[in-house]
2 protein chains.
Amino acid sequence: MEMLSCQLDRESSSPMYEQLYTYIKTEIMSGQISFGTKLPSKRKLADFLKVSQNTVETAYEQLVAEGFVEGVPRKGYFVLASEDLEYVQRVNPIKKQSSKKKETIDYNFHPSWIDTSYFPFNNWRKHARNIIGPENHSLLLTGEQQGEYVLREEIANYLYQARGVHCSPNEIIVGAGIEILLQQLILLLGHSSVYGVEDPGYHVISRILQNYPNKVFPLEVDNEGVKVDELGNSPVDLVYVTPSHHFPYGTVLSANRRIKLLNWAGGLANRYIIEDDYDSEFRYSGKSIPSLQSMDKREKVIYLGTFSKSLIPSIRISYMVLPKPLMNRYKEELSFFQCTVSRIDQHILANFMKDGDFERHLNRMRKIYRRKLEKTLEILKPYSDILEIVSDLSGFHVVVEVKNGWTEDMLVQQAKEAHLKVYPLSAYAMDKQYGSHPRIVLGFAGVPEEELEKAIRTLLTSWGI
Amino acid sequence: MEMLSCQLDRESSSPMYEQLYTYIKTEIMSGQISFGTKLPSKRKLADFLKVSQNTVETAYEQLVAEGFVEGVPRKGYFVLASEDLEYVQRVNPIKKQSSKKKETIDYNFHPSWIDTSYFPFNNWRKHARNIIGPENHSLLLTGEQQGEYVLREEIANYLYQARGVHCSPNEIIVGAGIEILLQQLILLLGHSSVYGVEDPGYHVISRILQNYPNKVFPLEVDNEGVKVDELGNSPVDLVYVTPSHHFPYGTVLSANRRIKLLNWAGGLANRYIIEDDYDSEFRYSGKSIPSLQSMDKREKVIYLGTFSKSLIPSIRISYMVLPKPLMNRYKEELSFFQCTVSRIDQHILANFMKDGDFERHLNRMRKIYRRKLEKTLEILKPYSDILEIVSDLSGFHVVVEVKNGWTEDMLVQQAKEAHLKVYPLSAYAMDKQYGSHPRIVLGFAGVPEEELEKAIRTLLTSWGI
């Protein structure tokens, strides 16, 4: 019994059985009690330690559960064999990290920042309050794999009215961001598919693709959009395009190229077009450009959309519309994926759309962003010999070619010195040497309207303009 | 001008410019106006149609934007070349789908269903109300890629106290489900890594892996957990295990095997153990089993956890703890991935944890599920000759071997006839022929406590027991 002469602390906050368990475990792990040793019977040890038999039993059972000890019926408890390991009882709990030193940024011209000051918090909170309640307790359980039907219905209605997209809720998959949906597509379409991506383009897409075994071909872009003719002689099966509003140039893919692209895809069974319709809500003149999906009659267009720009970047709700044959394949092969968006959030958004709050918010924001664009152009206009706007006038940013003899790096760096953050065009190109002309992607949407002039003038000053 | 003798409807709800634009576009697409044709000047067409010049200009600009027409300075507007396409103006809007006919299920014994009736809706709603407000407007913008720091801090504290996991918030990545985090791991660890998975085990894991180029090896499981000795002679680099509570058997990986497993991983630089610590909150006797991560001193254990069971399955918040070297690699290679969970939800959860609501909820649910387990055992006990419980007594389900001579299929089918849903063990095995003994995974957590007896008795009756 000597081997178990442990000191139990009756005043400790840790229960007696736990102290006993910890003691025996440590003895076993340190080799003090060796393999095969029979532990004292519960009654004897309880007497010896002046504790209840129940305490000893609980400690022994825990040792059994963890596999240190084996209980043999009518014989007792025996220590099991164990390989050596330098067991470490690490002691330091979480170190409070010194709060990270943040760079001072007065204004961030990030092309995907939105103006948060007009978000209808009261309406959103009202819908949240209505959804989060015991009458909706079934919403806590796992929902439909494609996303909640009520939300898919609202999305289908919206897409039909706003983008000419024809789909039923059954062809929609809701996901936590375009990146997640793209990854599901990559799995669905197989690793031997070759992707063509716009270059420059939305850089995250090519970075994701490069992490998969699929081959990726950059496709050149000119003032009619992506050069579709290059596809004919390439091994590309899948094209990732932004036809309504190329990122970052804002170019609209010309009608001729749209038709060529659709015809190219129609040429072989395994060809598809992935249409990323980001920012399409924010055209400020004329009618919005119809989606490519709305022109497709051969089920060749996979349509991607998101609420990041039109609502909240941090809410992480995006969706894709699959042509029927692909949707069937998805159901067969990938239906084990659960929907990646909280059901509660899906219902809040569905009600927000159903009540017209989404449409009202969009209409309001469109006017605000339009004013910001006009303001930006007005401020830049007098410098048109040094600052040439090389992008289409829509969305959340303009691309400015800066002709003061500086490189993109210098422009970004000097802005930073003035506590401003701007983004070089080369950040969005696969070939980092892209372009001989220094171009800056200037997001105007996230800067408060009344400070836009000050922000841009500070930027120009930092560039010596 | 004859070519543009379109009928504009002044009473229509569609604006004049849009009618004109649609008319010209249709004429171009149908070939009525051919490539190279010069369109009438704005002034002439405006006079002819009795509309303002502004209307014509807006229509022309839209055609230019979409690439049907080109504006040549001082010359006018010309129709651009376009390949042929059978353009379809699809007309059917969304068909209202007939509401899907649902199978009648009175009770669902799904092993991952929770009891939703005790969820603290009021507290959750209170935290939601506090977070969703204009004072938090910056939460609308994209947040930290690993997840919100405040939430990672709460998770690190919780893991240290409840699971002995040592980590700083900097080593945690928050994601919309274990599946999403596993996919990021697969990309991080490369496609040539070979995975070993428990068989039977959590089937979604192997199904995800099978969609990647990585090779997957099934690892046998016995009453000490996964057979670690098999690893030595295998090409496996990464092992996906559930050491605290094997799915579905509930077995605790024995101390000896834990140490062997850690030593195996320590043997080569590219070996890692992925510890899925699902359900670990729900042990009903003794102390909880310490995590494998807490025994690891060589930075070989990747720890995965989720709030699906402990809180809400549909909220989609999970997390992983990476060893420091892997975390550094993640930051270098995969930092373009944005966090997949809504920031608002992350802050609601962080406050819920900070205020102790999470701990109180866990303690309460542990008691409830324990009572349900005891009730289940009590009801099954008299039939122990036909119904053998072959799983550990913890978590949300038991595995029952049914010795009435029926196959798993028959057991599932007969239960279904009685409006009950149960799950065959073979659904969780890679080899569908797995096991010669018919076993049923019986989740008791999702069935209301007061109806548990009725539900189980109905099940036994359906099986002729």
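Copies are superposed by least squares on the C-alpha atoms of residues with pLDDT of at least 70 in both. The model on screen is a predicted one.

**Both chains**

Start by selecting chain A and chain B. Chain B superposes on chain A through a rotation of 180 degrees, with 0.1 Å of shift along the axis and an RMSD of 0.1 Å. The two copies are thus related as by a two-fold rotation axis. The same surface serves both of them, as 99% of the contact residues of chain B recur in chain A.

**The interface**

Next, select the residues where the chains meet. Here 105 residues of chain B are in contact with 106 residues of chain A. Between the two chains an area of about 9400 Å² is buried, and carbon and sulfur atoms give 59% of that area. A search for salt bridges between chain B and chain A returns zero.

**The largest cavity**

The structure holds 18 cavities of 30 Å³ or more, and the largest of them has a volume of about 130 Å³. To find the largest cavity, select Ile344(A), Asp345(A), Ile348(A), Asp345(B) and Ile348(B), which lie nearest its centre among the 16 lining residues. Then show helix 4 (121-131) and helix 10 (343-354) in chain A and in chain B: these are the elements that give two or more residues to the lining. Coloured by class, the lining of the largest cavity shows 12 nonpolar, two polar and two charged residues.

**The second largest cavity**

Move on to the second largest cavity, with a volume of about 70 Å³. From chain A, select Pro313(A), Ser314(A) and Arg316(A), which belong to its lining. The class count for the lining of the second largest cavity is three nonpolar, five polar and four charged residues.

**Backbone stops**

Select Phe247(A) and Pro248(A), which are joined by a cis peptide bond with omega of about 0 degrees. Pro248(A) is in the loop between strand 8 (238-241) and helix 8 (255-266) of chain A.

In chain B, go to Phe247(B) and Pro248(B), where the peptide bond is cis with omega near 5 degrees. Pro248(B) sits in the loop between strand 8 (238-241) and helix 8 (255-266) of chain B.

End at Lys50(B), in the loop between helix 2 (42-49) and helix 3 (53-65) of chain B. Lys50(B) is not a glycine, yet its phi is positive, at about 60 degrees.

Conventions: Residues are numbered from 1 along each chain as its sequence is written. Chains are lettered from A and ligands numbered from 1 in the order in which they are written. This is a predicted model: local features need pLDDT of at least 70, side-chain atom pairs count only at pLDDT 80 or more; totals for chains, interfaces and linings use all residues. Side-chain values use heavy atoms; hydrogens and water are left out. Contact means heavy atoms within 4.5 Å. On a 1 Å grid over the protein atoms alone, a cavity is a set of points where a 1.4 Å probe fits but cannot get out, and a pocket is an open set with protein on both sides within 12 Å along at least five of seven lines; lining residues have an atom within 4 Å of a point. Grid points are joined across faces, edges and corners, and a volume is the space filled by probe spheres set on the points. Helices (H or I, at least four residues) and strands (E, at least two) are DSSP runs, numbered from the N terminus. Ala, Val, Leu, Ile, Met, Phe, Trp, Tyr, Cys and Pro count as nonpolar, Asp, Glu, Lys and Arg as charged, and the others, Gly among them, as polar. Buried area is the accessible area (1.4 Å probe) that two parts lose on being put together, summed over both. A salt bridge is a side-chain nitrogen of Lys or Arg within 4 Å of a carboxyl oxygen of Asp or Glu.
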